[in-house]
2 protein chains.
Amino acid sequence: MTFPEPVPGYTHDDPGLPPSPVTPAELEGLLASVLFGLADQEALRLAGDVLSGQIEQVLDVWYGFVGAHPHLVAYFSTPQGEPIGDYLGRVRARFGRWIMDTCRRPYDERWLAYQHEIALRHTEPKKNQTDHADSVPHIPLRHIIAFIYPITATIRPFLAAGGHDAEQVDAMHQAWFKAVTLQVALWSQPYAGKAW
Amino acid sequence: MTFPEPVPGYTHDDPGLPPSPVTPAELEGLLASVLFGLADQEALRLAGDVLSGQIEQVLDVWYGFVGAHPHLVAYFSTPQGEPIGDYLGRVRARFGRWIMDTCRRPYDERWLAYQHEIALRHTEPKKNQTDHADSVPHIPLRHIIAFIYPITATIRPFLAAGGHDAEQVDAMHQAWFKAVTLQVALWSQPYAGKAW
Ligand code: HEM
Ligand code: HEM
């Protein structure tokens with residue numbers, strides 16, 4: 001990891017984190033729907049090794065993508081449309097942690113609790129609070145779902161850069177796709193309420 | 001196409017279909033987020049040619065997947081948990097049309113209007129109505145998002161079955177992934193309301 005420790009606002013291991021409203025049975029259902037199994041856990045461990053030295057480059061690609069699209073960078077900007085450098089930078093460090101967490105953390109109740117925290121940080125109740133940012137109040141759900149595509153497609157060259165054979169790269173990439181889809185499904189909870 | 005025409009309950013070309021609440025600008029944003037361009041349109045046309053003779057086999061895989069998972073087949077069942085054969089069959093025919101529409105229809109306002117209709121048919125206001133089915137009242141959003149994975153992963157062998165080279169198969173598969181992600185983003189609208 002190339003980030004300073006501790007990462008400001010990163011509270012994954014905070015014992016005061018409230019539990020997720022998502023039940024273990026609901027998580028099981030989602031894991032089954034995305035066909036997530038033991039082989040995917042192993043592939044993600046390997047992906048973590050491959051990605052750990054490339055986090056800054058991955059973030060450069062993603063931040064480049066967001067920065068190139070006014071309809072996305074708006075959510076890191078003031079209501080008047082001025083990008084907030086400090087906000088972008090602090091979230092970037094947590095985003096780096098998230099890449100490693102997605103690969104290395106067990107998907108247990110603590111992880112579920114932080115997933116819920118991340119979900120809330122995209123929505124009205126918690127956006128901007130962690131970084132005391134003077135930005136717009138929430139991120140529309142549609143953008144988060146659509147982001148599954150670029151977050152999945154753009155990781156592939158980085159997964160391939162470790163010199164593994166095509167089959168292993170593919171296994172890492174499929175596991176990544178599953179993990180991202182799973183997390184977006186979890187993050188939709190505060191948006192959908194009872195219809196989640 | 002191997003389905004009888006007209007397909008019961010399929011109202012894509014019904015002039016009485018209400019317009020979508022999604023604006024052309026919102027659609028543009030989503031297309032940009034999933035990196036959907038002209039090359040993807042062409043790749044989907046080709047995918048349509050490759051898939052058109054395999055629709056029943058694709059549906060066998062998807063229905064097999066749903067049927068194997070109690071937490072999914074429940075939504076095609078009575079509240080007591082009895083699968084409803086007639087409902088499964090009628091939706092299957094429309095699902096077949098949807099595969100071809102995803103590949104061949106222009107993503108214009110009429111398409112957007114039917115996207116909204118499909119969205120509503122997954123939710124409380126419209127589920128069961130089209131087929132007069134005695135099933136549970138709505139499908140939770142999380143399952144629809146999670147389904148992006150199996151609907152994308154399982155199509156690949158069918159795209160590869162047309163004898164195209166690896167690069168063309170990959171282009172078709174990426175375009176398919178984008179199109180499915182885009183549609184799930186659109187379908188989340190009735191679930192998220194103002195936060196969509
Ligand atoms: C697949 C979709 C997405 C993923 C994986 C993702 C991931 C993340 C992560 C890991 C964080 C930091 C969480 C933490 O505080 O520890 C974050 C925060 C944030 N994301 Fe996303 N994100 C996604 C979609 C989006 C979209 C589409 C936007 C809109 C441009 C966006 C804007 C933001 C903002 C503004 C924050 C800071 C929220 C705050 O104030 O705390 N995200 N995201
Ligand atoms: C990527 C995700 C999904 C796609 C692409 C998809 C596609 C479709 C399509 C094309 C239809 C027919 C639309 C029409 O009436 O013309 C449909 C209806 C339906 N789908 Fe989905 N679906 C998805 C997720 C799910 C999930 C997760 C379930 C739960 C098992 C589900 C259950 C149903 C049911 C019960 C209907 C019939 C709704 C009615 O009463 O009219 N779908 N879906």
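Reply: Over all chains the count comes to 24 salt bridges, a salt bridge being a side-chain nitrogen of Lys or Arg within 4 Å of a carboxyl oxygen of Asp or Glu. The model is predicted, and local features need pLDDT of at least 70 while side-chain atom pairs count only at pLDDT 80 or more, although totals for chains, interfaces and linings use all residues. Residues are numbered from 1 along each chain as its sequence is written, chains are lettered from A and ligands numbered from 1 in the order in which they are written, and side-chain values use heavy atoms, with hydrogens and water left out.

In chain A, A:D40 and A:K178 form a salt bridge with an N to O distance of 3.0 Å. This pair links distant parts of the chain, since A:D40 belongs to helix α2 (residues 38-51) of chain A and A:K178 to helix α10 of chain A, 138 residues apart; helices here are DSSP runs of H or I with at least four residues, numbered from the N terminus. Both A:D40 and A:K178 are buried, where buried means under 20% relative accessible area, exposed over 50% and partly exposed in between, with a 1.4 Å probe and protein chains only. Elsewhere in chain A, a network of salt bridges links A:D13, A:R97, A:D101 and A:R105.

In chain B, the closest N and O atoms of the salt bridge between B:R92 and B:D60 are 2.9 Å apart. Because B:R92 lies in helix α5 of chain B and B:D60 in helix α3 (residues 55-67) of chain B, the pair ties together parts that are 32 residues apart in sequence. B:R92 counts as buried because its relative accessibility is 16%, whereas B:D60, at 47% relative accessible area, is partly exposed.

A further salt bridge joins B:R156 to B:D170, with the closest N and O atoms 3.0 Å apart. Here B:R156 sits in helix α9 (residues 156-160) of chain B and B:D170 in helix α10 of chain B, 14 residues apart. B:R156 has a relative accessible area of 31% and is therefore partly exposed, and B:D170, with 34%, is partly exposed too.

B:R156 and B:D170 lead on to the largest pocket, whose lining includes them along with A:R156 and A:D170. A pocket is an open set of points on a 1 Å grid over the protein atoms alone, where a 1.4 Å probe fits, with protein on both sides within 12 Å along at least five of seven lines, and its lining residues have an atom within 4 Å of a point. About 190 Å³ of space lies in this pocket, the volume being the space filled by probe spheres set on the points. Its lining has 2 nonpolar, 6 polar and 4 charged residues.

Helix α5 of chain B, which holds B:R92, leads in turn to ligand 2, since α5(B) gives the most to the shell around that ligand, with 5 residues. Of the 21 residues in the shell, those that come nearest are B:Y87, B:R94, B:Y114, B:R121 and B:H122, a residue being near if one of its heavy atoms lies within 4 Å.

Definitions and conventions:
Helix = DSSP H or I, 4+ residues; strand = E, 2+ residues; numbered from the N terminus. Nonpolar A, V, L, I, M, F, W, Y, C, P; charged D, E, K, R; others polar.
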